[in-house]
Amino acid sequence: MTNRQFLQSIYDTVKALGIVKSQYEFGYLCGKEQSWFSCAKSVDRQMSIGAMVSLAVSLQNLPPERISRHTRPHVKRLIAEIWRMIEAQG
C-alpha cells in the first residue's frame with residue numbers, strides 16, 4: 001500500500017464513521033493545517049508519527065455524544081490499530 005493509499009484509507013474510515021465531514025476537519029483532527037491532507041496525498045508523504053498520535057488522542061477525546069452507539073466499537077478498534085501502528089514505527 002502506498003503512503004497515499006494508506007492516508008486515504010484512514011481518512012475514508014474516519015469519514016465513514018461520521019467523525020469528520022471534510023478533509024479540512026481530518027487535518028485538524030491530525031493536528032495539522034486545513035490543506036495538510038491534500039498536500040500529503042499529492043506528494044505521497046507518509047503520515048508522521050506525530051499526526052498519528054494526534055489522530056489517536058483526538059479520537060479518544062471525542063465526546064461520547066459525537067459518536068453514534070453503533071460506531072463506538074469501530075472507533076475503539078481504529079484507535080487501538082493506530083496505537084499499534086505507532087508502536088511498530090517507534
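The model is predicted, so local features need pLDDT of at least 70 and side-chain atom pairs count only at pLDDT 80 or more, while totals for chains, interfaces and linings use all residues. Residues are numbered from 1 along each chain as its sequence is written, and side-chain values use heavy atoms, leaving out hydrogens and water.

Let's start with helix H5, residues 72-89. Helices (H or I, at least four residues) are DSSP runs, numbered from the N terminus. H5 has 18 residues and spans 26 Å from its first C-alpha to its last, close to the 26 Å expected at 1.5 Å a residue; the expected span is 1.5 Å times one less than the number of residues.

Now look at which way its side chains face. Val-75, Leu-78, Ile-79, Ile-82, Met-85 and Ile-86 are the buried residues of H5. They lie on the same side of H5 because they cover an arc of only 125° around the axis, taken from the directions from the helix axis to the C-beta atoms. Buried means under 20% relative accessible area, exposed over 50%, and partly exposed in between, with a 1.4 Å probe and protein chains only. On the other side of H5, you will find Lys-76, Glu-87 and Ala-88 exposed. The cover over the buried residues of H5 includes helix H1 (3-16) and helix H4 (49-60).

Finally, turn to the cysteines. A search of the whole structure finds zero disulfides, meaning pairs of cysteine sulfur atoms within 2.5 Å. For Cys-39, the closest cysteine sulfur is in Cys-30, 14 Å away, which is too far for a bond. Cys-30 is buried, at 1% relative accessibility, whereas Cys-39 is partly exposed at 36%.

How values were computed. Helices (H or I, at least four residues) and strands (E, at least two) are DSSP runs, numbered from the N terminus. Contact means heavy atoms within 4.5 Å.
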